[in-house]
Amino acid sequence: MRIDFTLNGRGITIDADPLETLIDILREKLELHGAKRGCGIGECGSCLVIFNGVIVNSCLIPAFRLEGSEILTPEGLKEKKDFPDADMIVREVLGGRRELFCSNGVIMAVKNLFTEQSFPDEKTIREALKGIDCREVGKENIIEGVKRLVSARPRRRQLP
Amino acid sequence: MSEVNVYKPENLRELISVYNSQPGSILFAGGTRVMLDVNTSGLGKGYSGKSKGVLQNASNVLISLEKVDELKRIIRRERYLEIGSAVTLQQIAGIGSRVVPAVLHRAISGVGYKSVRSTATLGGGLCTASLDYPPLTALVSLEARIEIRGKARSRWVPVEDFIVEEGVTQLAVNEILTRIRIPYGNWNVQYFRSTGVKGSPSFPLVNVSILARLSKNTLEDIRIAVGGESIGIIRNRKLEMFLVGMRLPLSLNDHNDFYRRLGDFLALAEERDTETQLKNRYVTSTMRKMLMNFIDNLILMEIVG
């Protein structure tokens, strides 16, 4: 079937089987390898993308749902410079290790968290990162990194 | 099922009409369950291997619910909250536990991760008919009812009766779950806990949902629902009636009496199926601990999130 949608801000058209997963479309048809194929059951968080403004596992999104949708992948996120940008997340949360299998999943989850809340508390941070499995960096180190980002975020100056 | 046809009806009437004209078609709400089956059978890439799960006996027709607005509404009335069957779990969680009863809010927050809850729907979860689905136990304690629509008629059934057995619902051919209605109650204590691991043979998932109304240390009303794959969903009105009117903390005699009655109630669950007796022994001992802990600490609780 022919599908029109917006990918990282640009309109595109593809041909795909209705049940082909978004992760397969991204990696095999569009050669975008930022989202990784992991468990295939929505557990590991390595295939996270933003779908119509909400964070989803691209392994659970079929092609037929893409019609008219807006998708943001890790590649599209790198171009966005609002706080915290991808470089900042890599530096503070992943200890500078961008090339880990889980890096892009962590970046997507953290970016989405800051889109939803400017100054998330620890409970919210833990909830947002529940589905992220990164053995290299470790869950607690990731959470501490996000807390550093929260404290580093510039607060608006209060008017007297 | 290598070639799949997708229908996208735009309202409930059209949905019912299409569903009736396409026997064996699959309703696709959030699609988390369908996509699990797709991923494990390789159907997504046009692979014509053996289909699994919900796709096993299905036709090659999918009906997407994404454009049916009637199924995506949340309506708050004075006496109840009504949730469309295609509302996602994350949308419900996002409303907050002041509007959504705390037990349901907590049960939903425990389903998968946020990225899964963003696509999974409450109606879809109920229709997969898993007895250990946490929101199911919460909905049973809340005495929720669900609307089932067919071509000619609609009916309301208690959620307690919706799942006949693991994997089987009351839905007749071409009937659709459309709404879940949750009555508000004047509960000042709400308690929900899940323990165990889904699918584990040794430590299966167990859910306990309790609502209580306390006034001046007297238990005015209480509902207790427990659920798990091997024991089903259980509510014991006799046990609830025994507790109603009790002053807290329980006297030693009442405490011992409650412990004995709880033991009798749980023994029934344990013996339900001899093949799963060992598994159920773990389940019932866990439930006993959770329920005793709840009763012992009830006086200290206000609202438990």
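## A hairpin in chain B

In chain B, E6(B) and E7(B) form a hairpin, with four residues between the two strands. Strand E6 covers residues 145–149 of chain B and runs antiparallel to E7(B), with five bridges joining them. Two strands count as paired if DSSP finds at least two bridges between them. One bridge to look up is the one that pairs Arg149(B) with Ser154(B) in E7(B).

A quick note before going on: this is a predicted model, where local features need pLDDT of at least 70 and side-chain atom pairs count only at pLDDT 80 or more, while totals for chains, interfaces and linings use all residues. Residues are numbered from 1 along each chain as its sequence is written, chains are lettered from A and ligands numbered from 1 in the order in which they are written, and side-chain values use heavy atoms, leaving out hydrogens and water.

## A parallel sheet with a helix on it

Chain B also has an open sheet of three strands, ordered E1-E3-E2, and this one is parallel. Its edge strands are E1 (5–7) and E2 (26–28) of chain B, each pairing on one side only. The average twist between one strand and the next is 30 degrees.

Three bridges link E2(B) to strand E3 (residues 61–64) of chain B, and Ile26(B) has Leu62(B) in E3(B) as its bridge partner. Helix H1 (residues 12–21) of chain B packs on this sheet and touches E1, E2 and E3 of chain B, with its direction at about 170 degrees to that of E3(B). Contact means heavy atoms within 4.5 Å.

## Where the chains meet

Now for chain A and chain B together: the contact takes 29 residues from chain A and 25 residues from chain B. The area buried between them is about 2300 Å², and carbon and sulfur atoms give 62% of this. Buried area is the accessible area (1.4 Å probe) that two parts lose on being put together, summed over both. Leu19(A), Leu60(A) and Phe64(A) supply 30% of the area that chain A buries against chain B, more than any other three residues.

The interface has two salt bridges, each a side-chain nitrogen of Lys or Arg within 4 Å of a carboxyl oxygen of Asp or Glu. One of them joins Glu127(A) to Arg117(B), at 2.6 Å from N to O. Helix H1 (22–29), strand E4 (54–57) and helix H4 (103–116) of chain A each supply at least two residues of the side that touches chain B, and E4(A) gives the most, with four residues.

## A hairpin in chain A

E4(A) also pairs with strand E3 (residues 48–51) of chain A, antiparallel and over four bridges. These two strands form a hairpin with two residues between them, and Asn52(A) in the turn has a positive phi of about 50 degrees.

Methods. Axes fitted to C-alpha atoms, helices over the stretch in contact; angles between N-to-C directions.
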